[in-house]
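Please keep the sequence and the 3D view open while reading.

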Amino acid sequence: MNDSIDAAQVQRQVWLILSGVIVLYGLLRLSFGPLPQDPAYHLLADTRACLGVVPRGGDVLTNLAILAAGLFGLSLRTRMTVAPEACTAVNMLIAGSILTAFGSAYYHWAPANETLVWDRLPMAIVIMSLLALVMADRVHPLFARDALWPFTALGVASVILWGVSEALGQGDLFLYLIVRIGTAAAIVFLLILRQPRHTGTKWLVAALVSEIIMAGFERFDHEVFGLTGGLVSGHSLKHVMAGVALAYVFWWLRSRITLPGKSESA
């Protein structure tokens, strides 16, 4: 795809992607049935209260790292290299980051499927906004505008579908997992296979590395808690790395420069 394509072609590409996701979800659902949330997910390592006031203080308070990243992005907003088509996507990325801090803190205050919904909803906004921005950088600027709302709707719907299905006793994570894993995979492939419109790819790579480290901390929550003698859990460090990853993304938007021969806008 090149800069000569029009909005209609971009929109067709967007709906083709969405259709592919829905078809994949349907195939997985028909083949394996619903995939419920593992109850053990909520059994986090650090259950200590902070000052006797904040339950699970480590996991709740480390969301300040995510909040700090969101506010960092907000402070940089007017100095970012952003085309008009991408303004809404950047604003949603910043807002989603700030809301994720509060949603995650709310979940960790009382871990359960019902509160996890409010953690995952803003995260869906963050990852879909980021995907639209990366596609705008690597494929065509119009993706920042034309992919943002359909992609965000899909991400939010995947969380709502899971939450409602859990409430009905038929919990199904498949669509949510397709969205989360598929978004990460798409960004990796775009960084490898497509040429950028802007400089600063190293900051996106740093964000991806932080994401991998973050996943490791989440996976080994209890092991990290044990290795540090109960000082800090893997899940708490996950929040710190999430903040670091978001800060890298915001700095990419702030520091990048449009490459010669590439237009900033469509």
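**Charged pairs and helix packing**

Asp46 is buried, at a relative accessible area of 3%, where buried means under 20%, exposed over 50% and partly exposed in between (1.4 Å probe, protein chains only). Its salt-bridge partner is Arg48, with the closest N and O atoms 2.8 Å apart. Arg48 is partly exposed, at 42% relative accessible area. A salt bridge here is a side-chain nitrogen of Lys or Arg within 4 Å of a carboxyl oxygen of Asp or Glu.

The model is predicted: local features need pLDDT of at least 70, side-chain atom pairs count only at pLDDT 80 or more, and totals for chains, interfaces and linings use all residues. Residues are numbered from 1 along each chain as its sequence is written, and side-chain values use heavy atoms, with hydrogens and water left out.

The structure holds six salt bridges. Side chains of opposite charge can pair when their charged atoms come close. One of these salt bridges joins Arg138 and Asp137, at 3.2 Å from N to O. Arg138 is buried, with a relative accessible area of 3%, and Asp137 is buried as well, at 2%.

Another salt bridge links the side chains of Arg180 and Glu211, at 3.9 Å from N to O. Arg180 belongs to helix H8 and Glu211 to helix H9 (residues 201-219), so this pair ties together parts that are 31 residues apart in sequence. Helices (H or I, at least four residues) and strands (E, at least two) are DSSP runs, numbered from the N terminus. Arg180 is partly exposed, at 24%, and Glu211 is partly exposed, at 31%.

Now to the packing of helix H5. Two packed helices are described by the angle between their axes and the distance between the axes. The axes of H5 (residues 113-138) and H8 (residues 174-193) come within 10 Å and cross at roughly 25°. Axes are lines fitted to C-alpha atoms, for helices over the stretch in contact, and angles run from 0 to 180 degrees between N-to-C directions. H5 and H8 are therefore roughly parallel to each other; angles under 35 degrees count as roughly parallel, over 145 as roughly antiparallel, 65 to 115 as roughly perpendicular and the rest as oblique. H5 passes H8 in a left-handed crossing, meaning that the near helix is turned anticlockwise from the far one by less than a right angle; clockwise would be right-handed.

The residues of H5 that meet H8 include Arg120, Met128 and Arg138, and those on the H8 side include Tyr176, Arg180 and Leu191. Contact means heavy atoms within 4.5 Å. By class, this contact of H5 with H8 has 13 nonpolar, one polar and three charged residues. Ala, Val, Leu, Ile, Met, Phe, Trp, Tyr, Cys and Pro count as nonpolar, Asp, Glu, Lys and Arg as charged, and the others, Gly among them, as polar.

H5 also packs against helix H7 (residues 148-167), where the axes come within 8 Å and cross at roughly 160°. That angle makes H5 roughly antiparallel to H7. H5 passes H7 in a right-handed crossing. Among the H5 residues that meet H7 are Asn113, Arg120 and Met128, and among their H7 counterparts are Phe151, Trp162 and Glu166. The contact of H5 with H7 has 16 nonpolar, five polar and two charged residues.

Val139 is placed in the loop between H5 and helix H6 (143-146). Val139 is buried, at 11% relative accessible area.
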